[in-house]
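Subject: Structure for your files

Hello,

Here is the structure I said I would pass on. My notes on it follow below.

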Amino acid sequence: MDSAITARDTEPPVLVRPSRDEDVEAMLSIYRRHVRRGVEDSAAGSGAPEPDDLKQRRKNLRNHRLPHLVATFRGEVVGYAYVVLFRKRPAYRFAVKHSIYVHHEHLGRGVGGLLMQALIDASAAAGYRQMIGYIDADNVASLGIHERFGFVRVGLLPGVAYRFGRWCDTVMVQRSLGPGASDAPAGMDR
């Protein structure tokens, strides 16, 4: 599953592929910057996994048909995306929650959209029927890309994040994958 997009005709394409163990340090670097820029320096902990933890998480995701992808530009990881089960209870086994992170020097170049499309395609191919996301209500760019990819706003979680001296809201978005909820999964009765 390799996809490509070219920002300019003279530049090499951005490629999307399944992540590998050797991508872990680059993914963690991107993640740490996003987390640290999302809160003031005095906030305790970042929640960033250690490299071995991320390697184990990737292995677990692969074992459960959950996509974990990277975008590369000139051989360097410039973004990554993955899904996890929306909830662990069996009734929710066809719904996933996604996350996409793009390197700050590559924002606005189409990397997020390329990762989004690849993640949607891979999740649908794996048999998932719904994709859910949580987005900072102030993140206009992320809300816009989700809308372009067919996500609809299904909820607002007011005041769930505290950063830089104020409470911030989170928007919950959702889109169907494949046939969505129009019919039962193969081999299942309604």
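Predicted model: local features only at pLDDT ≥ 70, side-chain atom pairs only at ≥ 80, totals over all residues.

**Helix H4 and what follows**

Residues are numbered from 1 along each chain as its sequence is written, and side-chain values use heavy atoms, with hydrogens and water left out.

In H4 (residues 140-148), Ser142, Leu143, Ile145 and His146 are buried; buried means under 20% relative accessible area, exposed over 50% and partly exposed in between, with a 1.4 Å probe and protein chains only. These four lie on the same side of H4 because they cover an arc of only 165 degrees around the axis, taken from the directions from the helix axis to the C-beta atoms. Val140, Ala141, Glu147 and Arg148 are exposed on the other side. The buried residues of H4 pack against S5 (95-102), H3, S6 (130-136), S7 and S8, where contact means heavy atoms within 4.5 Å.

**Core and Tyr80**

The largest nonpolar core has 41 residues, and Tyr80 and Met131 touch the most other members. Such a core is a set of buried Ala, Val, Leu, Ile, Met, Phe, Trp, Tyr and Cys residues joined through side-chain atoms within 4.5 Å. Helix H3 (residues 111-125) gives the largest share of this core, seven residues.

The whole structure holds five aromatic pairs (ring centres of Phe, Tyr or the six-membered ring of Trp within 6.5 Å; planes under 30 degrees apart are stacked, over 60 edge-to-face, the rest tilted). Tyr80 and Tyr101 form a stacked pair, 5.3 Å centre to centre with 25 degrees between the planes. Tyr80 is in strand S4 (residues 76-85) and Tyr101 in S5, so the pair ties together parts 21 residues apart in sequence. Tyr80 counts as buried at 4% relative accessibility, and Tyr101 is buried at 18%. Tyr31, Tyr80, Tyr82 and Tyr101 form one aromatic cluster.

**Strands S7 and S8**

S7 (residues 152-163) and S8 (residues 166-176) run antiparallel and are joined by eight bridges; two strands pair if DSSP finds at least two bridges between them. Arg153 has Val173 in S8 as its bridge partner. Two residues lie between the strands of this hairpin, where Phe164 takes a positive phi near 50 degrees.

Regards
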